[in-house]
Amino acid sequence: MMPIDPATLPKGIYTGPFHARQRSAGGRFYEDMGALWTQGFGDIPKEYWAVRRRTGLWDISSLAKFRFDGPHALAALDRLSTRRMRDASPGAVRYGLVLDEDGRMLDEATFLVRSPTQAFLFGNDEREPFIDHLRCVTADLEVEITNITRSLPGVAVQGPGSYELLVELIDRPFAQLRWFQVLPEVYLAGVRGMLARVGFTGELGYEFFLLDGEEGASAIWDAIVGAGAQPIGLDAIQALRCECGLVIQNEDYVPGQTDPL
């Protein structure tokens, strides 16, 4: 990823609905695969310790996201992933690898099950060869695969204070939500979305995805920051994820080359 000046963004770069809020707070940005990721806010130690000791807020709108619809949605994920997905119940989240025909890593992803006929793949790659792989491998199944990267923005709320912060903003109890589970529909600051107990930091944390697109994005950002969360970027995430052994594409593995073993 290369740092980029948001004042001179090329046309077609996806910025996500939280960009203006972050830019006004002094955010710096990277461009990767046609989308912006937040680099940080000028103080990496402050952002790092916010997640380790309190609560951090990270824009994950540029995460590659695919929706699987149809009676064979889970069978399609089962075929694509190294994890068993056919028997996954609604609300389940599983992490696994996507391999090519030679057993080389193409991506690693989380798979979220919203219902028996709708599930999601959240990963890193949305380039045409990867999309072609998804569709080719599942061509004989009754499933429709849609790239929803730009229509399903999201935020990660991470750190030991994340539950106490979110419990004041979400419309229903979620204390029983276990690690790697998702609530298919909740309201955060009045905005409809999915809430998953997952993260990329090794701390207690949640990810919230806006089911109605960019509508309400500013209200969510303002509510979470107003409740005390520290906005963070990838520079802090790099230290956080390394410490808990989580991998990242093109740094820990090369698509089409790396043997997962």
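I take contact to mean heavy atoms within 4.5 Å. I am working on a predicted model, in which local features need pLDDT of at least 70 and side-chain atom pairs count only at pLDDT 80 or more, while totals for chains, interfaces and linings use all residues. I number residues from 1 along each chain as its sequence is written, and my side-chain values use heavy atoms, with hydrogens and water left out.

Entry on Gln230. I looked up its contacts and, not counting residues up to four places away in sequence, found that Gln230 touches Lys46, Glu47, Ala50, Thr55, Gly56 and Leu57. I place Gln230 in strand E14, residues 230-231, where strands are DSSP runs of at least two residues (E) and helices are runs of at least four (H or I), numbered from the N terminus. With a relative accessible area of 18%, Gln230 is buried; I use buried for under 20%, exposed for over 50% and partly exposed for in between, with a 1.4 Å probe and protein chains only.

Entry on Leu165. I find Leu165 in helix H5, residues 162-166, and at 8% relative accessibility I note it as buried. Leaving aside neighbours within four places in sequence, I list Thr55, Ile224, Ala227, Gly228 and Ala229 as contacts of Leu165.

Entry on cysteines. I count a disulfide where a pair of cysteine sulfur atoms lies within 2.5 Å, and by this rule I get 0 disulfides. Cys242 is in no disulfide, as the nearest cysteine sulfur, that of Cys244, is 8.4 Å away. I record Cys242 as partly exposed at 48% relative accessible area, and Cys244 as partly exposed at 31% relative accessibility.
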